[in-house]
Amino acid sequence: MPERESHPTDAATDTEPVERRNPALIATAVALPVALVIGIVVAAVIAGRNPAKSPVSLGPVPAPAAASAECTALMAGLPDALGEYTRAELTPPAPAATAAWQPAEGEPLVLRCGLDRPAEFDQASSLQVINGVQWFEISGESAGIDASSWFTVDRGIYVGLTVPRGVGPTPLQEMSDAVSKVLPQKPLDPAPVPNP
């Protein structure tokens, strides 16, 4: 009977255990860094689409009724968004009864409550009714301002909303809804038509 030859590899396999890696562990070790990189890329893209917005600075404007119950109620009921504009932080110290909304890019919408009756608002003024609220518009075009200021004139208190040109009707419609929820309609009080 022939003798069996012994091979060194046979001896090694008989006495030493073979180290095997779990396939699930390998897949996790590969997938985790890939998922982390994808997460960072997605976060960077989202941050690029929604850049951090700077607080809006508002200067003082005479608003003798800013501390009134009407303005307090309106400010408490303001929406977080007006169309594509989202509520903005105001730089302190912000004037009383004011708010702003910012777009992704561009100029903000600015609301002020408790203003004086606009000097231009008289018995001959044309008004626009938007969702049941009567508004008087003062265009900034003659003063070189690329915006219009709209004033509620049928609520017993004057609320002004400054709207950049080309924004569309949505912010005024949504603000009209907010105004009509908390401020009841009252008779108009325009100035007399000036004598020529």
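Analyst: Below we go over the fold, the surface and the cysteines.

Analyst: This is a predicted model, where local features need pLDDT of at least 70, side-chain atom pairs count only at pLDDT 80 or more, and totals for chains, interfaces and linings use all residues. Residues are numbered from 1 along each chain as its sequence is written, and side-chain values use heavy atoms, with hydrogens and water left out.

User: How many helices and strands in the protein?

Analyst: The protein has 4 helices and 8 strands, taken as DSSP runs numbered from the N terminus (helices H or I, at least four residues; strands E, at least two).

User: And in what order do the elements run?

Analyst: From the N terminus they go α-α-α-β-β-β-β-β-β-β-β-α.

User: What percentage of the residues is buried?

Analyst: Of 196 residues, 30% are buried, meaning under 20% relative accessible area with a 1.4 Å probe, protein chains only.

User: Switching topic: which cysteines form a disulfide?

Analyst: Cys 71 and Cys 113 do, with sulfur atoms 2.1 Å apart; the rule is a pair of cysteine sulfur atoms within 2.5 Å. The count by this rule is 1 disulfide.

User: Where do Cys 71 and Cys 113 lie?

Analyst: Cys 71 is in helix α3 (residues 69-76) and Cys 113 in strand β4 (residues 109-115), so the pair ties together parts 42 residues apart in sequence.

User: Are Cys 71 and Cys 113 buried or exposed?

Analyst: Both Cys 71 and Cys 113 are buried.

User: Why is the disulfide left-handed?

Analyst: Because the torsion about the S-S bond of Cys 71 and Cys 113 is about -90°.

Terms used
Buried < 20%, exposed > 50% of the residue type's maximum accessible area, 1.4 Å probe, protein only.
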